[in-house]
Amino acid sequence: MSNDPLLQPYKLKHLALRNRIMITSHEPAYAVDGMPKELYRAYHVERARAGVALTMTAGSAVVSKDSVPGFNNIHVYKDEVVRWSRDLTDAIHEHGAAVMIQITHLGRRTRWDAEHWLPIVSPSHEQEPAHRAFPKKIEDWDIERIISDYADAAERMQAGGMDGIEVQASGHLLDQFWSPLTNELDSPYGGCLENRLRFTFDVLKAIRRRVGTEFIVGIRYTGDERLPGGLDKNEGIAISHRLKDSGLIDFLNVVRGHIDTDAGLTDLIPIQGMANSPHLDFAGEIRAATNFPTFHAAKIPDVATARFAIASGKVDMVGMTRAHIADPHIVRKIVEKREDDIRPCVGANYCLDRIYQGGAAYCIHNPATGRETSQPHTIERAATRKKVVIVGAGPGGLEAARVCAERGHHVVVFEAANQPGGQLRLTAQSPRRQEMISIIDWRMSQCEKLGVVFHFNNWAEADVVLAEKPEVVIVATGGYPHTEVLSQGNDLVASSWDIISGDVKPGMNVLVFDDAGDHAGLQAAEILATAGARVEVMTPHRSFAPEVMSMNLVPYMRSMQKLNVAFTVTYRLSKVERDGNQLVASVGSDYGDVQQTRIVDQVVINHGTRPLDDLYFELKPSSSNHGENSHDALIDGRPQSIVRNPEGAFQLFRIGDAVAARNTHAAIYDGLRLAKAI
Ligand SMILES: Cc1cc2nc3c(=O)[nH]c(=O)nc-3n(C[C@H](O)[C@H](O)[C@H](O)COP(=O)(O)O)c2cc1C
Ligand code: SF4
């Protein structure tokens, strides 16, 4: 038996867990009609099959109708959930993993304008900033109703075959009672700590009455709100003791911080550029103080840190949640001593940010996650070996190269630059976004192991490509920044990429016009402001940087607010003229007839990219398919078989930004689904 601390079994009450790695609850928003159906099951089964010990399904599965699902949460208030839950738990158990579910009432952490349009409730009328909705102040009959809803939900989940449940306190209704900042009730549910905890213990007692003493019940909670006037660490430790001493629960799953604002949430669940494992010591303190089963997750992305978390005795079970979104096969790779093959979570938070915008959780660089019913995490070998030439070693090109090589093809990659990465290498120039380069590094190391041949510093012309006698050519040449949006003065502006790459020196007084709204605009603005420039970021849209999304915006704002960057929404830059050594920028608006000017010394435009597609169009006439790919075949995962030119000796495809400006996930998804069928 292995002596790896991570691979040691753990006994939670009667439940044997096969190792110390868990996936903490996270709602990936894959439910259909509020039920965990086929995709939900396939997603968890993939991870169970690869060896994770415990998967905490759902996240915030809602126990009541007035806990309005904010991100396609599972409806555990419906009886119908039992049958879907049974299918889910049976399938997971078949692969030796334990499975539980997190249930909750969101309280004010949601909105009222969805589902049943019921008023939301909380122990005060105060809104949660992140959701903005104003709650009803909870009444005695609401409290009774919700206690009973919790018990009903727990009973359903027991009937659904779960090994246990976790009630979510942190930031949700239970914790809204705990925190003096959100509880304005009088006795018996408001006032002293004992009163503020009363609702939680009433809920736990009702659950126990329903599910008995054997069923596993745990709680996820913050042990320190880190907010002036909120619950502090001393109270957190006191609460931990009370929870343990109550005899009502079997484990503590501790977090640190608050989630009522985007900034708070981002400190609790740190993203790229923020420290790893920031709350692990704190979790260790709770475990040391209580000597009770303690679980914890917060940016423990790598095996070494997870191993330390267990070996040092800070926690009993270590959560590697986003790490498993990025690579479902972590445990198998540890067991097989292939840790180098683990696809790293780069903390991009595309997964989490998407669910807050109503989307499903997708990983920025694992497009098979959340698509387990149609996309493979493990690539099958092809029946026939082909010669594949790929032009461009950005994320899309490298994914295509990796997947083609896994298929057993002979793969040659040409790249004009002296190293791989494309736009991602520029992105990773910002210290905060350095982790992005692992998207490239992981693919390069996989490609090298698989024998892919690379030619760097090689601007492949058609004759170079054809000299390879390819059977398939994939053009993944990416794009170049496009800035020609002005009626006059296009030659006077720089692009966001010029600033990020350092090709153009920052000015002193700069207008950044950003109508793409993605990272590049903010990244350029931050570089400019850090270099000492006075910066105004202008967008014609009603909010700035909409593609950056909520948690990703937090580090930018922390940095740029200190640097006094100004943000102007709903104005459009129309032209730029030179006046001596200054530039005069004319500004209008899509909303009406407005005319303003700005006098600056530099104008930077972020307007996405245009495809670098010369090679594609050069090769198109001699290809067998004239570059056409069948959307149906692509979607269905079938080989491409269009023939437009029977004389053509090779199939031609293009992917990623070489087609149209999109994002890293789209480029990699293009690469995977095209290459897996070659
Ligand atoms: C897509 C997504 C949804 C999440 N939803 C929940 C949730 O509903 N309830 C919860 O307690 N935590 C939720 N989390 C937080 C995770 O449980 C975990 O605490 C967090 O991701 C930090 O751990 P990690 O760095 O290992 O990912 C979510 C995380 C992700 C990525
Ligand atoms: S999107 Fe980013 S944070 Fe989320 S799992 Fe993928 S790499 Fe990790």
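Biologist: Where is the place of Arg226?

Modeller: Arg226 is in the loop between β9 (216-222) and α6 (233-245). Keep in mind that this is a predicted model.

Biologist: Okay, what about Asn349, what is its phi?

Modeller: Asn349 is another residue other than glycine with a positive phi, near 60°. You'll find Asn349 in the loop between α11 (330-335) and α12.

Biologist: And is Asn349 buried or exposed?

Modeller: Asn349 has 2% relative accessibility, so it counts as buried. The limit for buried is under 20%.

Biologist: Let's switch to ligand 2. Which residues surround ligand 2?

Modeller: Asn349 turns up again here, as one of the residues around ligand 2. Arg322, Ile325 and Ala326 are also among them, and so are Cys345, Cys351 and Cys363.

Biologist: What does the shell around ligand 2 have by class?

Modeller: Nine residues are nonpolar, two are polar and one is charged.

Biologist: Which cavity does ligand 2 sit in?

Modeller: Ligand 2 sits in the second largest cavity.

Biologist: Which residues are on each side of β13?

Modeller: Lys387, Val389 and Val391 are on one side, with Val388 and Ile390 on the other. Both faces are covered, and these residues are all buried. In a regular strand, side chains alternate between the two faces of the sheet.

Biologist: How many bridges link β13 and β14?

Modeller: Five bridges, in the parallel sense, pair β13 with β14 (residues 410-414). Val389 stands opposite Val412 in β14. Together with helix α13 (residues 395-406), β13 and β14 make a right-handed β-α-β unit.

Biologist: How many bridges join β13 to β16?

Modeller: Four, and β13 and β16 (residues 472-475) run parallel. Val391 has Val475 as its bridge partner in β16.

Biologist: Back to β14, how many of its residues are buried?

Modeller: Four of the five residues in β14 are buried, and that strand is mostly covered. β14 also pairs with β15 (residues 453-455) over three bridges in the parallel sense. There, Val412 stands opposite Val453.

Biologist: Last one: is the peptide bond from Ser187 to Pro188 cis or trans?

Modeller: The bond from Ser187 to Pro188 is cis, with omega near 15°. Pro188 lies in the loop between α4 (173-178) and α5 (193-211).

Methods
Residues are numbered from 1 along each chain as its sequence is written. Chains are lettered from A and ligands numbered from 1 in the order in which they are written. This is a predicted model: local features need pLDDT of at least 70, side-chain atom pairs count only at pLDDT 80 or more; totals for chains, interfaces and linings use all residues. Side-chain values use heavy atoms; hydrogens and water are left out. A residue is near a molecule or strand if one of its heavy atoms lies within 4 Å of it. On a 1 Å grid over the protein atoms alone, a cavity is a set of points where a 1.4 Å probe fits but cannot get out, and a pocket is an open set with protein on both sides within 12 Å along at least five of seven lines; lining residues have an atom within 4 Å of a point. A molecule sits in a cavity or pocket if more than half of its atoms lie within 2 Å of its grid points. Ala, Val, Leu, Ile, Met, Phe, Trp, Tyr, Cys and Pro count as nonpolar, Asp, Glu, Lys and Arg as charged, and the others, Gly among them, as polar. Buried means under 20% relative accessible area, exposed over 50%, partly exposed in between (1.4 Å probe, protein chains only). Helices (H or I, at least four residues) and strands (E, at least two) are DSSP runs, numbered from the N terminus. Two strands pair if DSSP finds at least two bridges between them. A crossover is right-handed if, with the strands pointing away from the viewer, the path from the first strand over the helix to the second runs clockwise.
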